[in-house]
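Hi,

Here is the structure I promised to pass on. Have a look, and my notes follow below.

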Amino acid sequence: MEKENKGIVCVTGGAGYFAAWLIKSLLEHGYTVRTTVRSDTGQVSHLKSLPEASGDKLQVFIADLERPESFDDVIDGCIGVFHVAHPTIDFTRKNEEPQDKMINTSVLGSIGVLKACLKSKTVKKVIYTSFAVAALFISNKKDVEEINENMWSEVETLRESRKWYPLSKTLTERAMFQFAEQYGLDLVSVLPSMIVGRFLTSSLPYSLKISQALVLGNKEHCNLLSTINNAVHIDDAASAHIFLFECPNAKGRYICSSADITIHDIAKFMSTKYPELQLPTELLAETEEEKPVHLASDKLWIQFQHNPDKRYQRFIEMEGEHRNDQEGNGKIVCVTGGAGYLASWLIMRLLQRGCSVRTTIRSDPKFKEDVSHLKALPEAAEKLQIFEADLETPESFDAAIDGCIGVFLVAQGIGLEQAYTQEKLLKTSVEGILGILKSCLKSKTVKKVVYTSSSAASMMVSNLKVVKEIDETMWSEVDHFIGKPENVIPAGLAYVVSKTLTERAAMKFSEEHGLDLVTILPSMIVGPFIIPNLPESVSLALSVILGDRTKMIRLKPTNAIFLFECQSAKGRHICSSVDFTIHDVAKFIAEKYPEFQLPTDLLKEIEEEKPVHLSSDKLLSMGFQFKYNLEEMFGDAIRS
């Protein structure tokens, strides 16, 4: 169902960190957004790729505060303006004259934006993004326990200490209120504290370099961070802006800050949650620990959704993910076979990383695949699209893949417990996957494909009894099973043949057509699940409880994402974290879950042998790390 169009609003400075997130939030709230950049509309390509930005929902204009009249056409016809743009400031510059020019540009440019609002005859309200620095710098701060909206930073104090950014924000906000009052314009200012959280921009924003200085190791930024004592999550800050725009009773200034923190609080959290991080202990020892001055957001009638721990935890996770390349951030990827066990978990992880995900389910009504668990995922309403497509009609994947930057091929038409004719097997599996790869080529946008093969495509070798280790150079020997089209390939064996032939064909096709394909060969997947029924592989993994025999190992779906994001990933990658036998599993379950009755007679019949090692050295050498041991794998599965 299409969202109600709430009207056209303008957000100035759309290429910036906060403005980009505000634009995303406004689009999600049903607004049509016009935004401005100083010179190059390509600066907001990350916004144009958002699903909500389709059609004319987002328009980009060139306008500059040094030429205030350039905002006239942008603002004409808008019902509201969110003024976020601010001239670039060099925080390290000490000479006064260039900074005065920047301050004059901010003040006069912002007044020019207000004049454009008056000319439009349509703008009902203006929201100005000031900052808490416009209230924090007062001469008697040491005697003050709380800062509120009645307090203004002292201009002369700021000039004497050469705090140019706070001075600019203070003078600009004062001038805007004076103008708005004189001409009867409805103006509200928002004073957020340090904004922390996710970002859409292509590079790490300056404010996040400050907030994460302890992680990034920049001493100058650490010194600056030690002077900052308040923070708010970017999503809360954007919500506050929209709330104040839509609230008819909102007047004047509003501080927006959800937590009072010190650099020592941040360090304590990071060292507890992420002990592997090397924090600058000497610098922390030099920094005196004081109680922070409270920034009062009492006037703002919203409930903040993000606490400090979540705010920093999410960023640290993202910082690691961005070391080689920007992750997620609205980029569109496709996961085939979304109703399955692995695919559904992979979709959940991709959404958590900020990706927009398209997934496919079979169109044949006899299958009736349940995707309620996918629709219930956080952010699924905005970022998950479900398409119907079937491996037997590969062209049906075209629409789902068109516009995606990556594809995770998880859909598998051949099950473990069914026999297939050779003709059916080749058409459903090999021809189906090759058809999807053709869709990837047609799209012109797909940069990488990750195919989920199986360790079964390497393990069926004639000399398995004398082999101590399986690696990516080894292929299952299945060619002698291929004969006449009507030949029936037995259950179990059909799965091995399918995975082996499909992977080979996919790699050959990709090499011939210059498509970047990576294959991943997981062993048995064990762990928690979000699908409504017990997955087949988990059922096998827990067969010691259920009374069957098997060998099982846990795959964490993030390794597929790792290979997608890793530019150097090429070829096949075995993914297996533990070698063990059914007796190892039985011992663990008997110790941890004594309430289960294990099939002791069956276990006695099975000879205990040392398992063949599945080598994941190639995957590990690229920096991937397994996080789960045997106990966690099976414990999670049993609890699910």
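Which residues of H1 are buried? They are Tyr-17, Phe-18, Ala-19, Ala-20, Trp-21, Leu-22, Ile-23, Lys-24, Ser-25, Leu-26 and Leu-27, where buried means under 20% relative accessible area with a 1.4 Å probe, protein chains only. That is 11 of the 12 residues, so H1 is largely enclosed by the rest of the structure. Gly-30, which follows H1, has a positive phi near 100°.

Before going on: this is a predicted model, where local features need pLDDT of at least 70, side-chain atom pairs count only at pLDDT 80 or more, and totals for chains, interfaces and linings use all residues. Residues are numbered from 1 along each chain as its sequence is written, and side-chain values use heavy atoms, with hydrogens and water left out.

Helix numbers count DSSP runs from the N terminus (H or I, at least four residues; strands are E, at least two). H19 covers residues 422–443 and reaches 31 Å from first C-alpha to last, close to the 32 Å expected (1.5 Å times one less than its number of residues). H19 also has a kink of about 30° centred on Glu-431, taken as the angle between axes fitted to the seven residues ending there and the seven starting there. Just after H19, Lys-444 has a positive phi of about 65°.

Lastly, the second largest cavity: its lining includes Pro-51, Ile-332 and Arg-358. A cavity is a set of points on a 1 Å grid over the protein atoms alone where a 1.4 Å probe fits but cannot get out, and lining residues have an atom within 4 Å of a point. E14 gives the most to this lining, with three residues.

Cheers

Notes: On a 1 Å grid over the protein atoms alone, a cavity is a set of points where a 1.4 Å probe fits but cannot get out, and a pocket is an open set with protein on both sides within 12 Å along at least five of seven lines; lining residues have an atom within 4 Å of a point. Buried means under 20% relative accessible area, exposed over 50%, partly exposed in between (1.4 Å probe, protein chains only).
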